[in-house]
Amino acid sequence: MLIILLFNEMSLSGPQHCLKLKCSECLLNEVDSHYCPMCLENMSSSEAKLKKNRCGNCFDCPSCGHTLTTRATNVAISDPDDPGKSTPKKMYYMACGFCRWTTRDVAIDDKTVASGGWEDIENTHAKKIQSLLDYYHELALNEKAERERKKYVRRRSHLYYAASMDKYGMVTVAVKKKIGAMSNVSIKENEETTTQITTEEKISDFPALPDDFFTTPLELSKVTTITQRLASPEFQPTITNDLYPKRKHLLIRKSMRCKECEHNLIKPEMNPLSIKFKIQLVIMHHIPEVRLMAPMEFRFKKELKVVLLLINPVVHNTTVSLLPVDKESDSFSTAKIELPKKEVVLARRDDAAIYDDATQMHQEFKDEKNVVAFRKANKLGVIIKVTPLIQEGDVKVSFVLRHDYRNTAVVLPMENQEPQISWLQHRIFLNLGRIHKSK
Amino acid sequence: MPLYEGVIYSGDKNIVVLDIGAAYTKCGIAGETGPRCIIPSHIKKDDQIVKLWDFNNEEELYENLKEFLFMIYFRHLLVNPKDRRMVISESLLCPSKFRDTLARVLFRHFEVGSIMFGTSHLLALTAIGVNTGLVMDVGYTETLLIPVYEGIPVIKAIQSLPIASQAIHKKLEDQLKEKATVNTAGGCKPMSSMPDCLNEQILEDIKVRCCFVTSLERAKQIQEVTVYGADSNKLPAAVPSVKFPLDGSQVLNIDGTIREHTCEILFEQDNEENSVPTLVLDALLKCPIDMRLELADNIVVTGGTAMLPGFHHRLQLELYDQLKKPKYQNKLVIKKFQFHKLFSKENYTSWLGGAMYGALETLATRSVSRDVYLTAGKLTDWCCIAEEMETEKEEKVKLKNR
Ligand SMILES: [Zn+2]
Ligand SMILES: [Zn+2]
Ligand SMILES: [Zn+2]
Ligand SMILES: [Zn+2]
């Protein structure tokens, strides 16, 4: 599993703030903005809800799912005043460039306008569902009023159900309670309602399959696939003649928020074309990266010098120290390590100055040979000594990485104010590789 | 756009309604007339399909549900889960392991505001506006029938049979392997020599596009041959065969008998004389006498499998036909079976009931809030019936296998 580590913003203005590393697990995803992947038009969330997350202008092919394009044709329209004369008129239809499906295939009339003329099909049950909902709404209101009234009277609705069950001798005492809770789901009928439901319809005779069903060869191309049916869940057309253009489904840009302090860690720009972020507090931009230089041959109880590569991602020099962890709280390590006693300084990241003279830098930072293996730009090789304490398996070590950090991600309240410097500590877990098997 | 706009009476926005079925998950927004999407109840892990209901332990299920729900929220519904109410339709027999884990993911990871758990069979009744009915759900792994009287499930009369879509797919596969052929570039080969050319999705496509539920008359002739071993010349004239295109240039030749015989699995009786239609009669037998007429008058059939062409007609004829059997003849005095018309497709009826519930002011009083959940640390155990039923079922299976 890939874990994106994120570093939380520290707000100087807000009362709460935290400077913790967060993984995708402890972040809250949020819908930031809706947009159409085809025309890249943004849509407000209330409009997106109203349009059921679908674009007003773009359509998908109901047959294969690709985007439909609008095509124009000239149709000769006979003049009502002069039947002998006809005038050409531009008409529009939609076609799929991938599977060649067109709106004409399913006898949808061409439109006189290029866009906006395509109506949606209506759910034939909508009215009945609505009147049923109205009825329930009234019941719910009654129930609510009754609950208010009976606030001080003994509750008996559940008992009532249990008792009515008993009449039929169906329930044991043990299940009564559960049944009572289950009746939760049924709305209590109430005679005081004014709305009458007229939706109920019964069928006592289902039609048989037509006789020619058994003799006429099946034209497979006229029967929809399960994917085509479910692409339109409310209607689920079974024959291709009932396919209808689908409005393009919107996509979203997500933002991520810290679950603890509720600050945004990642927030995209509004412009759907932009891949930039307004706020992006990803660990790789803020915290020194720790890497292993090369695979080593570890042997039981044999001390080895291991070079760790530290990379500074920020444009300031960063002071780093490696600290041991409590032996008691360390159930991870399988080797003893010796860490550099002194702190080291990571040079700032300077994209322009990659040709800096290495020796000059060594002098500048007063590197000690037994601690620093090499230095190049914002990279530093630090030596740690590792003694495996196991005879086989993975050599694992753990330590604390402590460094200073200037928060530049937040806008400072005043100009020229120095950014606040904090000291951050991260527990690092390293798997250095397997014990070398000697034969 | 003259789109039907969802109606919410409580003023709450974007209440998610979710029905995680064994094969497909229906999800959408409360107050709307249909689900926004119906997607397979699975996730993809390294190109492998992992079904939600196939889990080894709760941790695995937790991770899978997390991924699945993330997809539902941020790819399909595009709404924020945090602090929002939601409605979940679940089977009466939903294992508590599943619902507990689902609640844990929703409350702890997605931080939803509240959940109302509704029993799918009761929600199906809600969706048609009645309180009493014999609700049969022909789903993927099983057919589950629950009589509901004035809003209360008649627990002792519940009937279930592990015969539904999955059994149809299995039978279809078996028959195709037995007699179908494939036209390939290298000539016509028996399908059995190409075991990899079928998968569940293709089987399902063959089922919905080619198969159907035949008439009772033809079925009797067919069963005479396939079940009781009569000579195959007793079969009715076969329906036309179909050439079904597979990947590439391969074409599967599907015999007319396969098209017609496959769905018979729903109606063939097992050793205990159980079939999908007899579940209705057996349930009625187990219900108190004074409920029976009313229940027979209010049959509700839901579940995707019931969408097969010919299913309803056949079910209805079977009921009258089976009623003449000695097992029921003198015990069930029923003249007429009546079925409710649905305001939805069969495969999302329960979802629609949930969507109606979610739109009402009373939603909050029927929901578990996150606060209550976090304080209690778990869902209150109002429904252990599922487990009781499970053990009962296991005992039955044991008896059967003896
Ligand atoms: Zn975390
Ligand atoms: Zn668009
Ligand atoms: Zn297409
Ligand atoms: Zn925070």
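How many salt bridges are there between chain B and chain A? The count is three, where a salt bridge is a side-chain nitrogen of Lys or Arg within 4 Å of a carboxyl oxygen of Asp or Glu.

Before you start selecting: this is a predicted model, in which local features need pLDDT of at least 70 and side-chain atom pairs count only at pLDDT 80 or more, while totals for chains, interfaces and linings use all residues. Residues are numbered from 1 along each chain as written, chains are lettered from A and ligands numbered from 1 in written order, and side-chain values use heavy atoms, leaving out hydrogens and water.

**Stop one: the interface**

Select Asp297(B) and Lys202(A), a salt bridge whose closest N and O atoms are 3.5 Å apart. Now show both chains: 108 residues of chain B and 83 residues of chain A take part in the contact, meaning heavy atoms within 4.5 Å.

**Stop two: a salt bridge inside chain A**

Over all chains the structure holds 31 salt bridges. For one of them, pick Glu30(A) and Arg257(A), at 2.9 Å from N to O. Glu30(A) sits in strand 3 (residues 27-35) of chain A and Arg257(A) in strand 10 (residues 251-258) of chain A, so the pair ties together parts 227 residues apart in sequence. Strands (E, at least two residues) and helices (H or I, at least four) are DSSP runs numbered from the N terminus.

**Stop three: crossing helices in chain B**

Select helix 3 (residues 120-128) and helix 12 (residues 349-358) of chain B, whose axes come within 7 Å and cross at roughly 75°. Helix 3 and helix 12 of chain B are therefore roughly perpendicular (65 to 115 degrees). Show side chains for the contact residues, including Leu123(B) of helix 3 and Met356(B) of helix 12. The contact divides into six nonpolar, six polar and no charged residues.

Methods. Axes are lines fitted to C-alpha atoms, for helices over the stretch in contact, and angles run from 0 to 180 degrees between N-to-C directions. Angles under 35 degrees count as roughly parallel, over 145 as roughly antiparallel, 65 to 115 as roughly perpendicular and the rest as oblique. Ala, Val, Leu, Ile, Met, Phe, Trp, Tyr, Cys and Pro count as nonpolar, Asp, Glu, Lys and Arg as charged, and the others, Gly among them, as polar.
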